[in-house]
Amino acid sequence: MSDVGVIAGEERHPGTLPVQHMGAGDHAFLCYDRETPGWDVLTAFVWAGLARGEKVIVFGPPHLSETQLRTRLRDAPGPLVATGFESAQLEMSSMRELILPAPRFTADRQWQRITEEVGAARAEGYRGLRTYIDMGWVADLGADLDLMVDRERRAGHLFADGFYSEVCAYERDRFPAPVLEAMCRAHPRNLLPALGRLRCPYGEGVLRVIGDADSATYDCFRRAVDGALRGLPRGRPATVDLRRTGYLGPECAAELVRALTGPPALRSVRVRCSPGHALLLRRLGADPAVLDTTG
């Protein structure tokens, strides 16, 4: 599945990853389209936080009521989201509510309130605090865009100890393209806009497989492997980096193994991957010597 409307610079962002790979202390940018609003990304982000024992607060789009947002999240499989609501591990809020009693947004006021929420989550025994902030509130509160870009660039202190994580979600049509580009650059992480997406940037001898390599994205994966590996002169080093791959399906795994073992054998290619992906590749015939699971 290809991505449409990718903003300038997003493809080259060194921190691009699927939401399933977000770690503790990550500060991530998400750009979504109105037609595909990224509910699966939000649901996966919430679900992972609840499963890890973290406090989760969702600041949804201002045009959605809390009831509407709860209904969308309750569509997640299993009882985890419903239980999160019941126990108050999962809460809905808004930027207006967060900054009260201040009438206007300032970065210092938001940081103060987030720091207070972090302290409360620690006191309640949670393993972390994560927030999903839909940036539609910027227009809703009449905040200055330059102020917001500056806030994103200077927010690193919130994430320094790895307890707090944040997704800042921008609907494409609500922000000028230069602002989106600046926001993307200001965040250490850049999320794929939906589950089931795949990007395979190649450069300097490294093919990075980011997202889900499955039957739906097989053609994209095959073309990337063909371009990066097939025809590679014997002895020239190359790396296939699967560390930001979510699901690696058997079809795509077999394609990679064929490229690694077909004539001429690419003994100079290293595959960096998780132990689970390494097990699958070995079972399909990959030489264990080319598999690197050291991180």
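**Stop one: helix α11**

Start with P275 and R283, which are exposed on one side of α11; exposed means over 50% relative accessible area, buried under 20%, and partly exposed in between (1.4 Å probe, protein chains only). Before going further, know that this is a predicted model, where local features need pLDDT of at least 70, side-chain atom pairs count only at pLDDT 80 or more, and totals for chains, interfaces and linings use all residues. Residues are numbered from 1 along each chain as its sequence is written, and side-chain values use heavy atoms, with hydrogens and water left out.

Now select the whole of α11, residues 275-283, and pick out H277, A278 and L281, which are buried. Helices (H or I, at least four residues) and strands (E, at least two) are DSSP runs, numbered from the N terminus. What lies over them? The cover includes β13 (245-248), α10 (250-261), β14 (269-272) and β15 (291-292). Step just past the helix and you reach G285, with a positive phi of about 110°.

**Stop two: the mixed sheet**

From β15, color the open sheet of five strands, which runs in the order β9-β10-β12-β14-β15 with mixed pairing. Two strands pair if DSSP finds at least two bridges between them. At the edges are β9 (202-203) and β15, each pairing on one side only. Zoom in on β9 and β10 (206-208): they run antiparallel, joined by two bridges, and G203 has V206 as its bridge partner in β10.

**Stop three: strand β3**

Next, select residues 55-59. Is β3 buried or exposed? Five of its five residues are buried, so β3 is largely enclosed by the rest of the structure. K55, I57 and F59 point one way, while V56 and V58 point the other. Bring up the partners: β5 (129-134) pairs with β3 in the parallel sense over five bridges, and β4 also runs parallel to β3, through four bridges. Center on V56 to see both pairings, with R130 as its bridge partner in β5 and L90 opposite in β4.

Q89 is in the loop between α3 (80-87) and β4 (90-93). At 13% relative accessibility, Q89 counts as buried. Leaving aside neighbours within four places in sequence, its contacts (heavy atoms within 4.5 Å) include K55 and V56 from the previous stop, along with Y126.

Then jump to M95 in helix α4 (95-99), buried at 3% relative accessibility. Beyond its neighbours within four places in sequence, M95 is in contact with F59, F105, Q110, I133, W137 and L141. For a sense of scale, draw a distance from M95 to A216: the C-alpha atoms are 38 Å apart.

**Last stop: a cavity**

Show the lining of the second largest cavity: P18, V19, Q20, V41, L192, A194, L195, G196, R197, G211 and D212. A cavity here is a set of points, on a 1 Å grid over the protein atoms alone, where a 1.4 Å probe fits but cannot get out, and lining residues have an atom within 4 Å of a point. This one holds about 50 Å³ of space, and the structure has five cavities of 30 Å³ or more. Volume is the space filled by probe spheres set on the points, which are joined across faces, edges and corners.

Conventions
1 Å grid on protein atoms, 1.4 Å probe; cavity = no way out; pocket = protein on both sides within 12 Å on 5 of 7 lines; lining within 4 Å.
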